[in-house]
Amino acid sequence: MSEIRKNYVRPLDIKHGQIDMAHGSGGRAMAQLIEELFAKHLGNEFLGQGDDGALLPHPGEGRLVMATDAHVVSPLFFPGGDIGCLSVHGTINDVAVMGAKPLWLSASFVLEEGFKLADLERIVRSMADAARAAGVPVVTGDTKVVERGKGDGVFITTTGVGVVAPGKALSGRYARAGDAILISGTLGDHGMAIMAERESLGFDSPIVSDTAALHGLIEEMRASGADIHVLRDPTRGGLATTLNEIARQSGVGMMLLEKDLPLKPAVNAACEFLGLDPLYVANEGKLVAICAKQDAELLLATMRAHPLGSDAAIIGSVHEDAQHFVQMTTGFGGKRIVDWLSGEQLPRIC
Amino acid sequence: MKFIDEFRDGEVARGLAEAIRREANPARSYHFMEFCGGHTHAISRYGVTDLLPDNVRMIHGPGCPVCVLPIGRVDQAIRLALEQDVTLSTYGDCLRVPASGGLSLMKAKARGGDVRMVYSSADAVALAQKHPERQVVFFAIGFETTTPPTAVAIKQAAALGLKNFSVLCCHVLTPSAISSILESPEVRQWGTVPLDGFVGPAHVSTIIGSRPYEFFAEEYRKPVVIAGFEPLDVMQAIRMLIRQVNEGRAEVENEFSRAVDRDGNRKAQQLVAEVFEMRKQFEWRGLNVLPYSALRIRSQFAEFDAEKRFPLDYASVPDHKACECGAILRGVKRPQDCKIFGTVCTPENPVGSCMVSSEGACAAHYTYGRYRDVA
């Protein structure tokens, strides 16, 4: 990032300005955008190096975890958050559920010509706040501009790097028959917040996205000494899809108890109204934990003691099943499969 | 959730299950068809069959709007999108119904067709208002429940003087489908489909009332119990059907009295009569061509009739050879009896229409109940 001679360049008109093709050209306009908007808010010692990549200290003992996530949510601003903080939380969570301590993020922006600079600043500010609160800085980034009509305002891809102590990595392969299944809180808040915000539906709701970084909660869960086998954040496709992934990876079956699933009444009602199943609706600040049965109560108490796990619940158990079915005892008293999500339940939610 | 949880209460369900077990005669079996896909879905999703004794069997009926939609009609909608360059709007489930040439509306969209999912017919009218430069066609499907909103949309478009809105009308009539099943040789002559009664439609009956079913009860001696779409409604209706069978009665009873009366919604009926008239015949998937079984738009609203506005000849297209949707819709076969069920035909790649909608018998069994086939 070159130092521009401020006297010769009019500052960015953030209030009324818009992105144009020059902001992605590699020239002075781009340098100015980076300096006056991205670096201003996201700035830290690594980003400040101004090179093509960030030069980072060796994280010490253990193995590295790297995860990446593209964010294309529509609308960009929704109750409880926006694409900016979402792109920070989502990637931090992907690193953290591997058992790793998230260290650094990269961020790549695809901006659409005509996008308002005021909106972009709001998004970048939100990213910066989220990264600062999480203690995980954005250390390198990239910006591209596409012609009007070829993007949807802004797409953000973030990549996260973390470190996990030797022998402490978690995987979806480690669920065992007999294990308990826990969820850290209510289901479907993020997906329904987005859904309610979509203008075509025309209803108001008190539902707020649960977008949050979970590494603090995870740290306490691991410190509790509970024998945790699997952690995963049930984002797209919801709890149902996440459990099916784990069941297949671990080669096991699962049985859920519908009556124990935590659900906010407003989310439940909105799902009912729209004919959606909250098991398939996205979360952005929840995690599924699978642990040894004897540690389930200890883990539950630890989760509930943390603000992001206050509604945590034990929702089922793992058993042997050659078909790897995830099943559920319904509140009604019958049994059914909780299948993979088929097709698309919601358009673009993260 | 108030007014909903009461109808899904596990305690009450166990009580009802016990009553059904007590009242069902162990010396005989009972076969009831739930007409509606809404019932099929509730039965599968809540595991109602787990609460029924072995001698009470449920047969899935044809009351799933996208399941009875013949390929030829979906082809028409696809041609509108791809050849006539219209904005084609329809309900979500319609998008995945398999059509000719490996296409569906969703695949037509990927090929560049302007296909939009809407939540209501009013959204389609709004789309036409918003895009006066585009011809907007609403692909209207469904039984009597979705017909009045389509009528409203057409009247609204007329009142607004919209020149770019029309409807591809594929609305069908429930009583025709029930007659077709009762008249089928499997039920009437061969007895290969034992049928002791119907769980009657819920939402459809709020519109047409319970009166239209009286003919079936009297003429065919089949009990009908109209039931809501909640699992306790279904259980209660089954108990009422068992009682009728045990007592040798064949009457129309109404379990869904909180929403349905004998005459139905007169206002909606008038609206439908004002905008639509009977088609002489209409092809259904699985039930073939049925006389006076569907609606078309009256000539006074002809300018909103997509079949008149665009060159759209109807061509009947046979189902995939191995697909058993027809037999499944008539209750002759069960989803798991179909050779391609769960192998070639899955919710991700549906071959037949019953695998598309969550109300379809195959999709419901695949999604919620297929563990029973393995165990």
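How many bridges join strand β1 (residues 30–36) of chain B to β2(B)? Six bridges join them, and the two strands run parallel. Strands here are DSSP runs of E with at least two residues, and helices are runs of H or I with at least four, numbered from the N terminus. Within this pair, Met33(B) has Ile59(B) of β2(B) as its bridge partner.

This is a predicted model, in which local features need pLDDT of at least 70, side-chain atom pairs count only at pLDDT 80 or more, and totals for chains, interfaces and linings use all residues. Residues are numbered from 1 along each chain as its sequence is written, while chains are lettered from A and ligands numbered from 1 in the order in which they are written.

The two strands belong to an open, parallel sheet of five strands in chain B, ordered β2-β1-β7-β8-β9; strands pair if DSSP finds at least two bridges between them. β2 and β9 (252–254) of chain B are the edge strands, each with a single partner, so one side of each has no neighbour in the sheet.

Helix α2(B) packs on this sheet and touches β1, β2 and β7 (197–200) of chain B. Contact means that C-beta atoms, placed from the backbone, lie within 7 Å. The direction of α2(B) makes about 120° with that of β1(B), where axes are lines fitted to C-alpha atoms, for helices over the stretch in contact, and angles run from 0 to 180 degrees between N-to-C directions.

Chain B also meets chain A: 25 residues of chain B are in contact with 20 residues of chain A. Among the elements that each supply at least two residues to this side of chain B are α1 (10–23) and α2.

How values were computed. Two residues are in contact if their C-beta atoms, placed from the backbone, lie within 7 Å.
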